[in-house]
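User: I would like to learn how to read the features of a protein model. Could you take me through them in order?

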Amino acid sequence: MSEYYRIGEFARLIQKSSQTLRNWDKSGILKPAAVDQNGRKLYSKEQLDHILNQQERYVIGYCRVNRYTQSEELAHQAEILKDYMDAHHYHYQMISEFGSGLKYNRKGLRDLMRLLAENRVAKIVAVQKDSLVRYGSELMETLCRIHGCDLIYLSDAICMDDYCDDITTILKQFDHTWSGKKAAQAKQQIQALIRQ
């Protein structure tokens, strides 16, 4: 069954006014897909996809690692994404960046979110589920769905070293006295717990 949008939501998604949609309905340019029992006009996901596909929308390949010392891993992720997108004949742009998955103010992520908010992204392709954000992937998936964007993960795997670093970062936020040996011991304990 198709997903439906009310006129105001549909207008926002295609960056037009509700009045424009009413005018299109009267002139026959775009008729609502359905009318609900209360007489409200509804537009379908298929109509949304059709209109958005006519606008310039990007396929974004997104890759991220925590540290500069992981440059080789970042290059490897980028290569995997490029191979995948070339095989699917996508016209795409790449965003590669360094930074913790816990930091949501990364430049690449900000740029991606801006394009997403402007409904200019058709697909986001990432190697791992935690590439975009360490926690809150469901929120990213919801935002993508709202903006008519597909989110594709090539793997559900996560990098355990990065995961341990991020947990240590969280713990440090609660106790600023953590440093040196204490932090290293905590990281070892977290790794042991994860292995169990």
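The dialogue below treats the chain as a whole, then a sheet, a helix and a loop residue.

User: How many helices and strands are there in the chain?

Analyst: This is a predicted model. The chain holds eight helices and seven strands. Of its 196 residues, 40% are buried. Among contacts with a separation of 6 or more, 68% join residues 24 or more positions apart. The chain exposes about 11500 Å², and carbon and sulfur atoms supply 52% of that area.

User: Over how many bridges do S4 and S5 pair?

Analyst: S4 and S5 pair over seven bridges in the parallel sense. As one example, Gly61 has Met94 in S5 as its bridge partner.

User: Which residues of helix H5 are buried, and why are they on the same side of H5?

Analyst: In general, an α-helix has 3.6 residues a turn, so residues three or four places apart point the same way. In H5 (residues 107-117), the buried residues are Gly108, Leu109, Leu112, Leu115 and Leu116. These residues are on the same side of H5 because they cover an arc of only 125 degrees around the axis. Their cover includes strands S4 (58-65), S5 (92-98) and S6 (121-128), together with helix H6 (137-146). Just after H5, Asn119 takes a positive phi of about 60 degrees.

User: Finally, is Gly99 buried or exposed?

Analyst: The criterion is relative accessible area, and buried means under 20%. Gly99 lies in the loop between S5 and H5. Gly99 counts as buried because its relative accessible area is 12%. Leaving aside residues up to four places away in sequence, Gly99 touches Arg64, Val65, Asn66 and Arg106. The C-alpha atom of Gly99 is separated by 6.3 Å from that of Arg67, although these residues are 32 residues apart along the chain.

Notes
Residues are numbered from 1 along each chain as its sequence is written. This is a predicted model: local features need pLDDT of at least 70, side-chain atom pairs count only at pLDDT 80 or more; totals for chains, interfaces and linings use all residues. Side-chain values use heavy atoms; hydrogens and water are left out. Buried means under 20% relative accessible area, exposed over 50%, partly exposed in between (1.4 Å probe, protein chains only). Helices (H or I, at least four residues) and strands (E, at least two) are DSSP runs, numbered from the N terminus. The arc is that of the directions from the helix axis to the C-beta atoms. Contact means heavy atoms within 4.5 Å. Two strands pair if DSSP finds at least two bridges between them. Accessible areas come from the Shrake-Rupley method with a 1.4 Å probe; for residues, only the protein chains shown count as cover.
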